[in-house]
Amino acid sequence: MISYCNRFKVMKEHVQKKTGMMLFVVLFLAFMGIFSFFRSEIAEYAASLLAMANEITLSKKKAGTSPPASTIQIVTNRKYNAKQKKTAKKKLVRKTDDRFKNPVTAKLPKTKTPEISYSEVFPEWNDSWMRLFTPLRKYDGTVWRKERTEIKGSTDGKKLYLLCRFYDKNPDQAVTSNTEGKGGNNAWKDDSIELFLMKDRKSKFYYQYIVSVTGNGTVHYCVNSKIPNGRTSAKLPENFVKPRYRVNEFNGGFEIEMVIDLRNIGIKAIKPEESFLMQVVRNYRGQGYKNSVALHLFPVYIYADKRMGINNHDRRAFQKVIVKKVDKHLL
């Protein structure tokens, strides 16, 4: 009986040990599973505790309650947060108008104000009542004596009549290849005249009439920009009145006739002593060639700024021409 009890006791202890071991294994596995499942949350919680401890340490350092200690720097890849603004380098913005406050001009005599004769008679070159404009000079204001350029103008109050004589000792050498048989789009590249017309300084636009010695020509409608030598080319308005051109050779060069409706620049009818703005350019031997010369009625170096080169479109060189009544005895 005693032997049987001892055996039962041993067996019971063995079962208890085995059961305890199995329970330990089960609990260990359960703990590992829970840890694996919640390890990200546990890591975040641990990180927050570390951050809190770091903040406490920093506050102590600021208060001087703790001696400085060496720290371990944790370097991570920086990520850009969309809510944060990137610091952009400030660009130096240069006001465009600053370049035009103090222009540098050639200290040469200015052009005498040209006079447009007022008459209802269609003009001819030999009419004594028409007044010659001041001779054209090079764009820099210097006198150019190789060839002469003579211009006369008249108006009946509604149309502008411009007669020009381009004297040329070698007319057969004139540049004509850019328009001959091709139309007038590239007339400015030929031996040609460019006429710029604008009503006044308050105008928002101007016209550029270009005629080659071949008789072909074109017109550009230009919208003024804020800077005086800038513009934007635009489509011709619907109410634009086409000009008339005619070119003849004479013994000594080319004679160019232009008839332009003043309504194009906003003048319905002009009277004696009234004025508008004009610039006349002669392209001798075209533009861009070795022997090309640009001649101006109002040289751009005198009226605009010699630092900015040849710019036929610089509106500072568009100057006043005045209408004058013709003496009856001259008609």
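The questions and answers below concern a predicted model, and they go from its nonpolar core to a strand and then to a surface patch.

Trainee: How many residues does the largest nonpolar core have?

Mentor: The residues with the most contacts inside this core are L195, L197, Y209, M258, F276 and M278. Leaving aside residues up to four places away in sequence, L197 touches L160, Y206, Y207, Y209, I260, I265, F276, L277 and M278. There is also a second, separate core of seven residues, which includes C222, L277, V281 and F318. The largest core, for its part, has 48 residues.

Trainee: Why is strand β4 described as largely enclosed by the rest of the structure?

Mentor: A residue is called buried when its relative accessible area is under 20%. Strand β4 covers residues 159-167, and it is largely enclosed because, of its nine residues, the number buried is eight.

Trainee: Which strand pairs with β4 over nine bridges?

Mentor: Strand β3, residues 149-155, pairs with β4 in the antiparallel sense over seven bridges, with E150 standing opposite R165. In the hairpin of β3 and β4, three residues lie between the strands, and G157 takes a positive phi near 100°. The antiparallel pairing over nine bridges is with the strand of residues 253-261, namely β10.

Trainee: Is F24 buried or exposed?

Mentor: F24 has its place in helix α1, residues 2-37, and together with F28, L29 and M32 it makes a nonpolar surface patch of about 430 Å². Its relative accessible area is 57%, and the cut-off is over 50%, so F24 counts as exposed.

Technical notes:
Residues are numbered from 1 along each chain as its sequence is written. This is a predicted model: local features need pLDDT of at least 70, side-chain atom pairs count only at pLDDT 80 or more; totals for chains, interfaces and linings use all residues. Side-chain values use heavy atoms; hydrogens and water are left out. A nonpolar core is a set of buried Ala, Val, Leu, Ile, Met, Phe, Trp, Tyr and Cys residues joined through side-chain atoms within 4.5 Å. Buried means under 20% relative accessible area, exposed over 50%, partly exposed in between (1.4 Å probe, protein chains only). Contact means heavy atoms within 4.5 Å. Helices (H or I, at least four residues) and strands (E, at least two) are DSSP runs, numbered from the N terminus. Two strands pair if DSSP finds at least two bridges between them. Patches are made of residues with over 30% relative accessible area and no salt bridge: like charges are joined within 9 Å, nonpolar side chains (Val, Leu, Ile, Met, Phe, Trp, Tyr) within 5 Å. Accessible areas come from the Shrake-Rupley method with a 1.4 Å probe; for residues, only the protein chains shown count as cover. A salt bridge is a side-chain nitrogen of Lys or Arg within 4 Å of a carboxyl oxygen of Asp or Glu.
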